[in-house]
Amino acid sequence: MKKLILLFGLSILIAITTAVPIILADDCDEIEYMGHDRHDEEESPYEELGDTIGWGAVFFALGAGLPYPFRRFLPKLTKKLPMFKSRISSLIRLLTKKHVLLGLSAIVLMVIHGWIMYLAEGKLDDEGWLGIIAGSLFVIATIPGSILIKNIRVKFARKLHTATLIIAGLTVLIHVVA
Ligand code: HEM
Ligand code: HEM
């Protein structure tokens, strides 16, 4: 129960820290942030740092999510690559064991990335909005995720967790390539 409350509290905190830039964006359009002129076309070091943290978030999210579809194809995969069988299996086992930690770390990195990008650019454009939608979906997915921590057999929570994260993943894809 304590874990559930903690996770719910964390979700609210993340939702608030993600929403605050939206509210500030309307009022502070003309302000220069972190010494970076928003009309400047060159990437500031802050944007580069934000980009790197964004990729870090993608990396952690893939680490959390990919083992599950991979687990399904494991027998076929290890048949084709028998020499890697034990290595692939132990990697998948390790990633699933650390799933919650990886997922929460990804979300923390997303929030830091979003903040840095917003502060560096000094505005929220379509890319930023897509990022906020994606980030919010990741946060929402922690709710069924918290139910799964208590009981991994709750089917609707599994479906909700996965469906929310698939939509979040697709939104990130558009966010990154747009
Ligand atoms: C980047 C974030 C995340 C991704 C991509 C992700 C993805 C997934 C996927 C694909 C599954 C398998 C669902 C199924 O078998 O149908 C799963 C299960 C699960 N997720 Fe997440 N998840 C993430 C974050 C989280 C977080 C933050 C929590 C905790 C609040 C969480 C808790 C769980 C639990 C407890 C399970 C069941 C564990 C198991 O069967 O081994 N996930 N997740
Ligand atoms: C929380 C709200 C978010 C905001 C405000 C935001 C903002 C931005 C902005 C403005 C860019 C464009 C940078 C550029 O054109 O150089 C960007 C790029 C990026 N974002 Fe986000 N983002 C958010 C959420 C996310 C999430 C949830 C992820 C992934 C899980 C993510 C991953 C990335 C990546 C990988 C890039 C591309 C970096 C590159 O071009 O190398 N962002 N973000």
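1. The shell around ligand 2 draws most on α2, which gives seven residues, and α2 (45-65), α5 (99-121), α6 (126-150) and α7 (155-177) each supply at least two residues. Helices here are DSSP runs of H or I with at least four residues, strands are runs of E with at least two, and both are numbered from the N terminus. In total 23 residues surround ligand 2, the closest being Gly-54, Gly-114, Met-117, Gly-131 and Gly-135, where a residue is near a molecule if its C-beta atom, placed from the backbone, lies within 6 Å of it.

2. This is a predicted model, in which local features need pLDDT of at least 70 and side-chain atom pairs count only at pLDDT 80 or more, whereas totals for chains, interfaces and linings use all residues. Residues are numbered from 1 along each chain as its sequence is written, while chains are lettered from A and ligands numbered from 1 in the order in which they are written.

3. By class, the shell around ligand 2 has 11 nonpolar, eight polar and four charged residues, with Ala, Val, Leu, Ile, Met, Phe, Trp, Tyr, Cys and Pro counted as nonpolar, Asp, Glu, Lys and Arg as charged, and the others, Gly among them, as polar.

4. The protein comes to seven helices and zero strands, and of its 178 residues 22% count as buried, that is, with 20 or more other C-beta atoms, placed from the backbone, within 10 Å of their own.

5. In α6, a kink of about 30° lies at Ile-143, shortly before the proline Pro-144; the bend is the angle between axes fitted to the seven residues ending at a residue and the seven starting there. The buried residues of α6 include Gly-131 and Gly-135, as well as Phe-138.

6. The largest nonpolar core has 21 residues, and among those with the most contacts inside it are Phe-60, Met-110, Phe-138 and Ala-168; such a core is a set of buried Ala, Val, Leu, Ile, Met, Phe, Trp, Tyr and Cys residues joined through C-beta atoms within 7 Å. The largest share of this core, nine residues, comes from α5. Leaving aside its neighbours within four places in sequence, Phe-138 is in contact with Ile-107, Met-110 and Ala-168, contact meaning that the C-beta atoms of two residues, placed from the backbone, lie within 7 Å.

7. In α7, the buried residues are His-161, Thr-164, Leu-165, Ala-168 and Val-172, and what covers them includes α2 and α6.

Notes:
A residue is buried if 20 or more other C-beta atoms lie within 10 Å of its own, exposed if 12 or fewer, and partly exposed in between; C-beta atoms are placed from the backbone.
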